[in-house]
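Okay, thanks for coming, everyone.

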Amino acid sequence: MMDKKKLLTQLKATRGDYQIPCHDLVSIDQLTENDCEHIFSLARIFRTLKTEKLDLLKGSSVGIAFFESSTRTKSSFDWAGKHLGADVVGAGSSTAEKKGESMFDVIQVIDAMQPKVVVIRTRYSGLPEQVSQYTSASVINAGDGIHEHPTQALLDGLTMVDELGTLRGKIVTIVGDISHSRVFGSLVRLLNKLGATVRVAAPETLLLEKTEETFGVQVFYNVEEALKDADVIYTLRIQGERGSYGNISTIREYSKAYGISAERFALAKQNAIIMHAGPIQRDIDIHHVLVGIPESRILHQVENGLAIRKTLLWLLATKNEEKKFKRI
Amino acid sequence: MTSILIQNGRLIDPKNGIDEITDILIEQKKVKAIGKNLKKADAAIDATGKIICPGLVDLQVHLREPGREDRETIETGLKAALAGGITSVVSMPNLNPVADNQTVIEFQLRKGELLQLANIFPAGATTVGQKGKYLSEMRELKLAGAVAVTDDGVDIQNAGVLEKAMEWAKTFNLPVFSHCEEVSLHNGEGLMHEGQWSTRLGLPGVSAQVEDYGVFRSILLAEKTGVQFHALHCSTKKGLEIIAQAKQGNSKITCETCPQYFALTDEICKNYNTDAKMYPPIRSIEHQQAVIKRLKDGTIDCISTDHAPHIPPDKCKPFAEAAHGSVGLETSLALGITHLVEPNHLTFSQLIEKMSTNPAKVIHIDRGHLSLGATADITIFDPKEEWIVDPKQFQSKGRNCVFKGMKLTGKVTHVFVAGVQKV
């Protein structure tokens with residue numbers, strides 16, 4: 001039987017006087033390794049609290065401004081806010097854009113309703129960072145174009161650290177569509193911070209310009225080589241909606257060259273785990289058999305996502321310092 | 001008619017090889033005399049410690065009128081030019097309507113005449129509506145007063161049309177200015193220079209090859225057709241190498257760059273700074289160094305501004321949607337001094353040559369020099385005065401300035417157009 005009161009006390013004791021260093025979370029670059037560890041510690045307690053209704057954010061509003069469709073991230077933030085006692089409202093849709101209202105004006109309108117946190121998803125790289133200057137609310141980037149998706153990286157980091165203890169000296173192999181992946185954008189930054197060795201396996205057409213130099217990763221065209229002795233296999237789907245199909249010959253050939261099969265999985269370390277940011281495309285980026293095996297952490301990631309988002313909503317909404325902002 | 005004697009300044013006139021402390025007398029709109037102990041004039045200006053040079057000539061200015069008078073008008077644009085020491089501007093044709101026939105050219109010239117500010121020299125469009133399909137009526141453009149044809153910020157993608165356009169322009173003795181670009185290489189989606197910063201920011205890149213390829217195509221066809229060809233806003237290492245080679249023994253090929261390409265690198269885009277969104281994009285240090293090298297070795301003949309005023313909502317947008325360009329008329333001279341003369345890349349004389357003498361030659365106007373009897377378009381500046389760029393102080397309507405907040409050296413103090421003091 002879970003002792004809610006005890007866990008809440010533990011939560012507050014674990015936080016102590018810790019304050020997250022930023023008012024908005026738009027990039028993993030804003031956090032240090034120490035911040036990540038604090039976030040993980042708190043998230044573990046939130047995870048134990050499961051769906052318990054708490055009053056940590058009672059009386060606060062959280063706006064979910066998603067300008068792109070989403071299943072897991074949107075519902076994850078929605079539930080996270082509600083479990084913390086906040087009033088969560090879907091505060092964004094594509095209608096404002098269709099009516100010709102600028103996103104910068106939309107954010108000011110949302111701001112006037114005084115939310116503590118606004119969670120933004122957009123097809124535009126950089127938009128959360130840009131609009132964050134125009135609202136007193138804390139902005140959380142829930143995915144901006146092909147740039148970053150920091151809460152995804154944090155939930156992935158938590159999943160890996162819980163599994164491996166530390167990521168120092170561990171090998172994480174990321175396979176798939178790097179060029180269009182905001183998940184990669186945040187994950188590679190986080191893994192570098194946590195000391196992991198990052199390998200990337202992708203065809204040249206699905207890499208970014210200067211991937212190696214920019215992020216200090218090892219790039220492999222050959223997925224088997226990249227998987228050898230890996231501790232984590234992290235697969236990314238082909239982002240057809242962002243034009244990736246123009247970067248490969250056929251899905252058939254891509255899948256043959258880069259899909260994770262049982263044989264390929266066997267090349268990794270004995271206790272290696274499989275992760276996927278979702279949505280999974282069975283038998284394209286990962287063989288259907290592997291999705292449900294014990295080494296798969298795909299659903300743990302989702303569970304950790306809820307805990308990570310609760311942590312960040314709480315830390316940002318209760319930061320002990322007023323955020324400065326301007327009007328357009 | 002009044003006469004003015006400008007005394008004790010350092011007079012630099014690259015065309016006549018003058019760089020000395022002397023006096024200059026303006027009378028009847030013309031340069032009357034240069035030397036010491038000149039006769040008394042109606043008015044005198046003490047230019048001690050200052051540099052006197054032929055008025056600057058800018059080959060690439062977006063005046064926005066007709067069409068987008070909320071961004072800039074001919075009046076505000078020409079006032080901005082004067083504030084920057086620029087006495088002649090080439091007006092680019094991406095107006096609404098596009099300057100692809102004589103009406104817009106005549107309108108702009110008439111406005112310029114009425115305003116009596118800086119001189120305006122309109123450029124016409126190379127193709128109808130800048131669409132790259134059908135040739136514009138270049139004979140009529142020329143007769144109306146156009147000094148060049150250009151499709152401005154869009155390059156003609158069909159090489160066959162480009163070749164015919166060059167031949168047609170040659171027939172009517174008009175130079176072709178080209179923004180060199182192979183659009184298919186970035187699918188029209190690139191937002192900034194392709195490199196480490198674009199990767200970090202998650203913004204689709206425009207590779208240097210996009211420009212190199214466009215330069216190569218244009219040069220091949222310019223060589224074949226023998227047209228007078230001028231490459232606009234050059235920003236890449238290889239593109240400039242191609243131009244350097246083509247210029248050997250071919251005086252009909254010229255090129256320019258803009259201050260943003262020698263003063264800045266792509267890091268300026270960080271934090272999604274939309275004022276730094278530019279076309280071509282501000283490039284990496286490797287290309288910036290190459291631009292400086294080509295300014296030094298003479299491959300780059302001219303420095304223009306690509307002055308591109310916008311209203312704040314044009315820039316207060318996601319980086320992908322924000323307008324391209326920065327205002328530049330009021331900062332170009334100081335940027336040249338700060339980033340080229342002070343680090344000893346160019347002498348003052350070389351800078352003035354690239355900002356006045358050479359651009360005047362490209363469009364065949366009798367400006368850019370202070371020969372006796374020349375029209376007295378004269379700029380005087382203090383080469384040592386330091387100032388901080390504050391777009392709120394600009395004459396231009398545009399506040400979108402990528403150089404905002406930067407400390408620059410060199411301030412314009414007096415400007416004369418045809419012997420009349422404007423600043």
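So, this is a predicted model, and I'd like to begin where the chains meet. Across the interface of chain B and chain A, nine residue pairs are in polar contact, with both partners at pLDDT 80 or more.

In terms of residues, 17 from chain B are in contact with 21 from chain A.

Next, a helix in chain B. Helix α2(B) runs over residues 102-115, so to speak a stretch of 14 residues, and spans 20 Å from first C-alpha to last, close to the 20 Å expected. Which of its residues are buried? They are V104(B), I105(B), Q108(B) and G112(B). Looking down the helix axis, these fall within an arc of 105°, so they line one face of α2(B). That buried set packs against α1, β7, β8 and α3 of chain B. Over on the other side, R110(B), E113(B) and L114(B) are exposed. Just after the helix, Q116(B) takes a positive phi of about 55°.

Most residues other than glycine have a negative phi, and most peptide bonds are trans. Q130(B), in the loop between β8 and α3 of chain B, has a positive phi near 55°. N173(B) has one near 60°, and sits in the loop between α4 and β10 of chain B. Buried or exposed, these two? Q130(B) counts as buried, at 15% relative accessibility, while N173(B) counts as exposed, at 57%.

There are cis peptide bonds to look at, too. In chain A, the bond from G278(A) to P279(A) is cis, with omega near -10°, and P279(A) is in the loop between β9 and α13. In chain B, the bond from Y279(B) to P280(B) is cis, with omega near -5°, and P280(B) is in the loop between α8 and α9.

Last stop: R297(A), in the loop between α13 and α14 of chain A. R297(A) is buried because its relative accessible area is 12%, under the 20% cut-off. Its contacts include T159(A), E163(A) and M275(A).

Methods. Residues are numbered from 1 along each chain as its sequence is written. Chains are lettered from A and ligands numbered from 1 in the order in which they are written. This is a predicted model: local features need pLDDT of at least 70, side-chain atom pairs count only at pLDDT 80 or more; totals for chains, interfaces and linings use all residues. Side-chain values use heavy atoms; hydrogens and water are left out. Helices (H or I, at least four residues) and strands (E, at least two) are DSSP runs, numbered from the N terminus. The expected span of a helix is 1.5 Å times one less than its number of residues. Buried means under 20% relative accessible area, exposed over 50%, partly exposed in between (1.4 Å probe, protein chains only). The arc is that of the directions from the helix axis to the C-beta atoms. Contact means heavy atoms within 4.5 Å. A polar contact is a pair of N or O atoms within 3.5 Å; within protein, one must be able to donate a hydrogen and the other to accept it, and residues adjacent in sequence count only if both atoms are side-chain atoms. Lists of a residue's contacts leave out its neighbours within four places in sequence.
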